[in-house]
Amino acid sequence: MKAVIVNKKGDGVEVVSDYKKPSPGYGEALVKVEYCGVCHTDLHVAHGDFGKVPGRILGHEGIGIVEELGEGVTTLKIGDRVSIAWFFEGCGHCEYCTTGRETLCRSVKNAGYTVDGGMSEYALVTADYAVKVPENLDPAQASSITCAGVTTYKAIKESEVAPGEWIVIYGAGGLGNLAVQYAKKVFNNKVIAVDINNDKLKLAKESGADVVINGKEIEDVAGYIVDLVGGCHGAVVTAVSKVAFNQAVNSVRAGGTVVAVGLPSEYMDLSIVKTVLDGIRIKGSLVGTRKDLEEAFEFGAMGLVVPVVEKVCVDSAPQVFEEMEKGLIQGRKVLDFTKVTN
Ligand SMILES: NC(=O)c1ccc[n+]([C@@H]2O[C@H](COP(=O)([O-])OP(=O)(O)OC[C@H]3O[C@@H](n4cnc5c(N)ncnc54)[C@H](O)[C@@H]3O)[C@@H](O)[C@H]2O)c1
Ligand SMILES: CCCCCCO
Ligand SMILES: [Zn+2]
Ligand SMILES: [Zn+2]
């Protein structure tokens, strides 16, 4: 079968056509993949940023149809449309799995990183952990929600920014565009979007942002935000840049919350005195639980959130990764496995 994998050196991406089609074991289901979005995390994984995984099938924004059930499966049936997500499986019994924080499970399995993901014609899922896609949600749009959507939906929840309050989203790319939409349309926040690319800011404005700021054109982004709205009640940082994280800390008002989502391999410059005197909360947020993904899908099915997706052929995956690295992608590019012919 055709698959997009990390290359043998563990530092890039290649498309292969001879990957062995898997068979479902106990508690697993075989999924015929329709679409898989390309997340910036896939680029991090392909580059070995979290440790090299040569030969791994990438992808954690997979969507497809259950074709075969392994023994013991009771929660899925043939024909169900399911997602293949970063949170692929938890242990089910640890302090995190039993307290609504299953993405933090220390025995977690992650699609497209610690186990084969959704960038292939067929993929395995752990049946009990494969979140079903609502029938009235477009599968290509569901793909983008499977990571970008659930992650930003969860991060905004973590920010605790109330309806009518200000939130600033740093990074208006794949995650950031959906963050703008969930913040505006679901949480009823007032939304500022910051990016360094005007095309992405134009899309953010069209997607509901009240204010857009180009971080390369304004000398003091945080000061500008403080002058404009008195500082935001919260910030969600999806940008792959420490500059954005440092700006975020200085752009929230006293009592504000900064939710870290983006994964630059750098450190924040954090003033301890300011953090204490202003009661700033800094929270890391990792994707979303199965329940979060169900909710994030539902807001998509309701049409409140409309992922901006472009379906592309699987063979163009290396080029898509290059475009991602150059910051050239609007919304999400989604690999189209429905068009793969044998
Ligand atoms: N925490 C999680 O659960 C989680 C989930 C998904 C993705 N991620 C991470 O989030 C990051 C973003 O993923 P994506 O798919 O949206 O990537 P993306 O490349 O689509 O978007 C990143 C955006 O950041 C912008 N940017 C770069 N420097 C900036 C700056 N100084 N100020 C403002 N914007 C800036 C880029 O122009 C781009 O629009 C990646 O590091 C990814 O690994 C984390
Ligand atoms: C450590 C990487 C976490 C990424 C979540 C899915 O993009
Ligand atoms: Zn992701
Ligand atoms: Zn666990």
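**View 1. The end of helix 5 and what covers its buried residues.** Helix 5 is followed by G230, whose phi is positive, near 85°; helices (H or I, at least four residues) and strands (E, at least two) are DSSP runs, numbered from the N terminus. Within helix 5, residues 221–229, the buried residues are V221, A222, G223, I225 and V229, where buried means under 20% relative accessible area, exposed over 50%, and partly exposed in between, with a 1.4 Å probe and protein chains only. The cover over these buried residues includes strand 9, strand 10 (190–195), strand 11 (211–214), strand 12 (232–237), helix 6 (242–251) and strand 13 (252–260); contact here means heavy atoms within 4.5 Å. This is a predicted model, in which local features need pLDDT of at least 70 and side-chain atom pairs count only at pLDDT 80 or more, while totals for chains, interfaces and linings use all residues. Residues are numbered from 1 along each chain as its sequence is written, chains are lettered from A and ligands numbered from 1 in the order in which they are written, and side-chain values use heavy atoms, with hydrogens and water left out.

**View 2. The surroundings of ligand 1.** Ligand 1 is surrounded by 28 residues, of which the closest are H40, T41, D195, V287 and R332; a residue is near a molecule or strand if one of its heavy atoms lies within 4 Å of it. A polar side-chain atom of D195 lies 2.7 Å from an oxygen atom of the ligand, and a polar backbone atom of V287 is 2.6 Å from an oxygen atom of ligand 1. A nitrogen atom of ligand 1, in turn, lies 2.9 Å from a backbone N or O atom of S285. On its own ligand 1 exposes 860 Å², and the protein buries 93% of that; accessible areas come from the Shrake-Rupley method with a 1.4 Å probe, and for residues only the protein chains shown count as cover.

**View 3. S285 and V287 in the loop between strand 14 and helix 8.** V287 is placed in the loop between strand 14 (281–284) and helix 8 (290–301), and S285 is found in the loop between strand 14 and helix 8 as well. S285 counts as buried because its relative accessibility is 11%, and V287 is buried because its relative accessible area is 9%. Leaving out residues up to four places away in sequence, S285 touches K154, A155, E158, V259, A260 and V261. Most residues other than glycine have a negative phi, yet V287, which is not a glycine, has a positive phi of about 35°.

**View 4. The surroundings of ligand 2.** Around ligand 2 stand C39, T41, F50, H60, W86, C147, L263, L286 and V287. An N or O atom in the side chain of T41 is 2.6 Å from an oxygen atom of the ligand, and an N or O atom in the side chain of H60 is 3.1 Å from an oxygen atom of ligand 2. Of the 270 Å² of accessible area that ligand 2 has on its own, the protein covers 81%.

View 5. A search of the whole structure finds 23 salt bridges, a salt bridge being a side-chain nitrogen of Lys or Arg within 4 Å of a carboxyl oxygen of Asp or Glu. K154 forms one with D292, with the closest N and O atoms 2.8 Å apart. Because K154 lies in helix 2 and D292 in helix 8, this pair ties together parts that are 138 residues apart in sequence. K154 and D292 are both buried. D292 also meets the side chain of K157 in a salt bridge of 2.8 Å, N to O, and since K157 lies in helix 2 and D292 in helix 8, the pair ties together parts that are 135 residues apart in sequence. K157 is partly exposed, with a relative accessible area of 30%, whereas D292 counts as buried at 3% relative accessibility. K154, K157, K291, D292 and E295 are linked in a network of salt bridges.

**View 6. A nonpolar surface patch that includes V273.** I272, V273, V276 and L277 form a nonpolar patch on the surface, with about 460 Å² of accessible area together. Patches are made of residues with over 30% relative accessible area and no salt bridge, like charges being joined within 9 Å and nonpolar side chains (Val, Leu, Ile, Met, Phe, Trp, Tyr) within 5 Å. V273 lies in helix 7, residues 272–277, and counts as exposed because its relative accessibility is 55%.

How values were computed:
A polar contact is a pair of N or O atoms within 3.5 Å; within protein, one must be able to donate a hydrogen and the other to accept it, and residues adjacent in sequence count only if both atoms are side-chain atoms.
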